[in-house]
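Dear colleague,

Please find below the structure for your review. My notes on it follow directly after.

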Amino acid sequence: MSKQAFVALVTCFNDDETINYDATRAQVRRQVDAGNNIMCAGTNGDFSALTYDEKVRLTEEVVDEVAGRVKVIVNAGMPATFETLKLAREFDRIGVDGIAVITPFFIACTQDGLIRHFSTVADAVETPIYLYDIPARTQNHIEPETARRLSGHGNIAGIKDSGGAKETLEAYLEVARDVEGFEVYSGPDHLVLWALQNGAAGCISGLGNAMPHVLAGILNAFNSGDIAEAERQQAIYSAFRTDLYALGFAPAMVKRSLFLQDSSVGASREPALLPNKTQDDQIEEILHRYGLL
């Protein structure tokens, strides 16, 4: 079975901070043309700055633009199970391919609390649920044993690991090896190929917003058995990541690098990292170095 790349799509904004749906649709087309699937309303999509109604409309617009050409996963996770359920039911109605549920943030959860949270959402919809672990942002971590327990739920299809540690990713992959049908998607951009080689179903990458064809190139080369080419593309991807992320908060750097390629994506909603000329000059130099400007 072929491995799949998803791009954690940016949400585009107008100057008044309303969502620019036309520009967002253009970014969807760009990713589809490159051969990448879409995850919307995730960390790189500024989901925490979007209202409930905006998330629903954003998902409708993305699904409409994709028109079945690639897969769409959308993040429904919120601090309370109540709102997560409401969003998941809306996304179920719209007809996405998967619903990611980021761990609750601000509210400290026990592992038993996480099991109740994810199971309740998975019970309520027909669309497959994907656990979404990013402890640096939520302060809640899905322990591998918790993932194993949840993998037995008939509607929990896998996990997106954005923790950044090989050890945790390997522990999730061990669950996938033991539980048929449980998929692991790697989030860290520098581990795309490593994860594929160790059994991941694919990746969900934010950096792919700025470098879609290289991300697709890693997956295409791997799926065709050309490991040397996959390694070459991964080396480019990892080097770009190192250079870009050294300048600041990763999602903000991805969005700014994309803005400097295409200003229609707009800035993120306040309080976002404000750009400055020195930083923009540094990003532009990186983009020129990698042939993106």
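Which residues does asparagine 37 touch, not counting residues up to four places away in sequence? They are Gln4, Ala5, Phe6, Val7, Val70 and Lys71, where contact means heavy atoms within 4.5 Å.

Before the remaining findings, a word on conventions. This is a predicted model, in which local features need pLDDT of at least 70 and side-chain atom pairs count only at pLDDT 80 or more, while totals for chains, interfaces and linings use all residues. Residues are numbered from 1 along each chain as its sequence is written, and side-chain values use heavy atoms, with hydrogens and water left out.

Asparagine 37 lies in strand 2; helices (H or I, at least four residues) and strands (E, at least two) are DSSP runs, numbered from the N terminus. Asparagine 37 counts as buried because its relative accessibility is 8%; buried means under 20% relative accessible area, exposed over 50%, and partly exposed in between (1.4 Å probe, protein chains only). Its side chain makes a polar contact with the side chain of glutamine 4, at 3.4 Å. A polar contact is a pair of N or O atoms within 3.5 Å; within protein, one must be able to donate a hydrogen and the other to accept it, and residues adjacent in sequence count only if both atoms are side-chain atoms.

Strand 1 (residues 4-8) has five of its five residues buried. Gln4, Phe6 and Ala8 lie on one side of strand 1, and Ala5 and Val7 on the other. Strand 1 pairs in the parallel sense with strand 8 (residues 202-205) over four bridges; two strands pair if DSSP finds at least two bridges between them. The bridge partner of phenylalanine 6 in strand 8 is isoleucine 204. Strand 1 also pairs in the parallel sense with strand 2 (residues 37-40), over three bridges, and there the bridge partner of valine 7 is isoleucine 38. From strand 1 the chain crosses through helix 1 (residues 21-34) to strand 2 in a right-handed β-α-β crossover, that is, with the strands pointing away from the viewer, the path from the first strand over the helix to the second runs clockwise.

Aromatic pairs

The count comes to four aromatic pairs, taking rings of Phe, Tyr and Trp (its six-membered ring) with centres within 6.5 Å; planes under 30 degrees apart count as stacked, over 60 as edge-to-face and the rest as tilted. The ring centres of phenylalanine 6 and tyrosine 185 are 5.7 Å apart and their planes stand at 90°, so this pair is edge-to-face. Phenylalanine 6 lies in strand 1 and tyrosine 185 in strand 7 (residues 183-186), so the pair ties together parts that are 179 residues apart in sequence. Tyrosine 130 and tyrosine 185 also form an edge-to-face pair, with 6.0 Å centre to centre and 80° between the planes. Tyrosine 130 counts as buried at 11% relative accessibility, and tyrosine 185 at 5%.

Serine 162

Serine 162 sits in the loop between strand 6 (156-161) and helix 7 (166-178). It is buried, with a relative accessible area of 18%, and its side chain makes a polar contact with the side chain of lysine 160 (3.1 Å).
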